Amino acid sequence: MAISLTDLYIYPVKSLHGLRLAHAQLDIKGLADDRRWMIIDENNRFVTQRTLPKLATLRTRLSEHRLVITASTGECEIARHYEGCGSPFSARIWNDEVQVLDEGASVSRWLTEALAHPRPLRLVRLSNTPRPQSKPQYLGQAHTVFADMAPLLIANQASLDALNQALIQKGEQPVPMNRFRPNIVINGLPAFAEHRLATLSGPHFELTLAYPCERCVMTTVDQTHGTRHPAMEPYRTLTGLNAMPAYGEGDFHKAPNPKTPAFGENAYLTGTHTTSLNVGETLRASYKK
């Protein structure tokens with residue numbers, strides 16, 4: 001069965017609306033321009049839709065020189081190359097301490113007002129100090145900027161189709177792929193067969209599929225309206241349909257978790273080169289032993 005690459009997405013600002021692409025550059029940090037900025041709170045800790053669902057309503061676009069964030073109240077522009085004069089400082093994303101640069105007081109005021117947040121929010125980018133690799137046992141030499149853990153998230157269209165069929169049978173509305181915020185969408189595999197893959201290869205690249213993506217409350221956030229489903233869907237249906245499988249080997253083996261759903265695979269580019277991905281490419285798969 002032929003496997004095709006059907007969609008590419010980047011999310012320039014972590015937890016904000018994504019951009020759909022026809023092609024993208026890729027290296028060990030992931031797709032170019034993916035999650036290069038993030039929002040932090042007054043404690044210098046990252047903020048996502050998990051605690052602030054309204055982030056989903058902020059849209060982004062990129063020009064040659066600017067990142068533009070759009071809200072119902074207007075737009076905010078940020079230079080793609082840092083133009084500030086601030087010094088690096090520490091911020092936290094999950095358990096990682098990262099050195100970041102603040103995009104400035106005016107951007108902070110705009111974000112805080114656009115989101116009607118009671119406390120100041122700030123937009124930051126990574127400084128010249130790389131983020132530490134928190135899971136080298138699964139992700140090898142790959143690094144991320146502000147993605148949760150892995151540089152890439154690969155989703156399978158057939159898995160979404162199976163989930164939506166189950167939702168409809170329960171009397172719920174189907175959900176679009178953006179609920180899962182993938183970077184790469186593939187077609188041509190049976191539902192949830194992505195968890196059995198070792199690699200996906202194209203003309204000039206190989207992607208290593210590292211481990212299943214454990215899903216959270218963000219799957220319940222409508223990516224258009226920034227609101228949560230009152231019955232925790234599709235999280236609950238997905239848990240019954242495709243709970244977290246076991247993964248890893250030896251000292252790094254993780255037991256299955258029947259209480260948490262999985263959707264998609266965390267992945268990275270094999271090797272340290274730079275390559276490109278294009279929608280419509282045919283992929284070859286190898287399977288885990």
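Throughout this passage, two residues are in contact when they have heavy atoms within 4.5 Å of each other. The structure is a predicted model, in which local features need pLDDT of at least 70 and side-chain atom pairs count only at pLDDT 80 or more, while totals for chains, interfaces and linings use all residues. Residues are numbered from 1 along each chain as its sequence is written, and side-chain values use heavy atoms, with hydrogens and water left out.

Leaving aside neighbours within four places in sequence, I186 is in contact with I3, S4, T6, I154, A155, N156, Q157, L200 and L283. I186 also belongs to the largest nonpolar core, which has 23 residues. Such a core is a set of buried Ala, Val, Leu, Ile, Met, Phe, Trp, Tyr and Cys residues joined through side-chain atoms within 4.5 Å; buried means under 20% relative accessible area, exposed over 50%, and partly exposed in between (1.4 Å probe, protein chains only). Those with the most contacts inside this core are L31, I154, I184, I186, L200, L207 and L277. At least two residues of the core come from each of β1 (3–10), β3 (23–27), β13, β14 (184–187), β15, β16 and β18 (257–269), and β1 gives the most, with 4 residues. Helices (H or I, at least four residues) and strands (E, at least two) are DSSP runs, numbered from the N terminus. A second, separate core of 20 residues includes I69, A71, C76 and V107. In soluble globular proteins, nonpolar side chains tend to be buried together.

Two strands pair if DSSP finds at least two bridges between them. Strand β7 (residues 59–62) pairs with strand β8 (residues 66–71) in the antiparallel sense over 4 bridges, and a hairpin of 3 residues joins β7 to β8. Here R59 has T70 of β8 as its bridge partner. β8 also pairs with strand β9 (residues 74–79), again in the antiparallel sense, over 6 bridges. V68 stands opposite E77 in β9, and the hairpin from β8 to β9 runs through 2 residues.

The pockets were found on a 1 Å grid over the protein atoms alone: a pocket is an open set of points where a 1.4 Å probe fits, with protein on both sides within 12 Å along at least five of seven lines, and lining residues have an atom within 4 Å of a point. Grid points are joined across faces, edges and corners, and a volume is the space filled by probe spheres set on the points. The largest pocket has a volume of about 670 Å³. It is lined by 29 residues, of which R50, D148, C213, E214 and N266 are the closest to its centre. By class, this lining has 15 nonpolar, 5 polar and 9 charged residues, where Ala, Val, Leu, Ile, Met, Phe, Trp, Tyr, Cys and Pro count as nonpolar, Asp, Glu, Lys and Arg as charged, and the others, Gly among them, as polar. β16 gives the most to the lining of the largest pocket, with 4 residues.

The second largest pocket, with a volume of about 360 Å³, is lined by 15 residues, and A210, Y247, G248, E249 and K288 lie nearest its centre. Here too β16 supplies the largest share of the lining, 3 residues.

Finally, P203 lies in the loop between β15 (197–201) and β16 (206–214). P203 counts as exposed because its relative accessibility is 52%.
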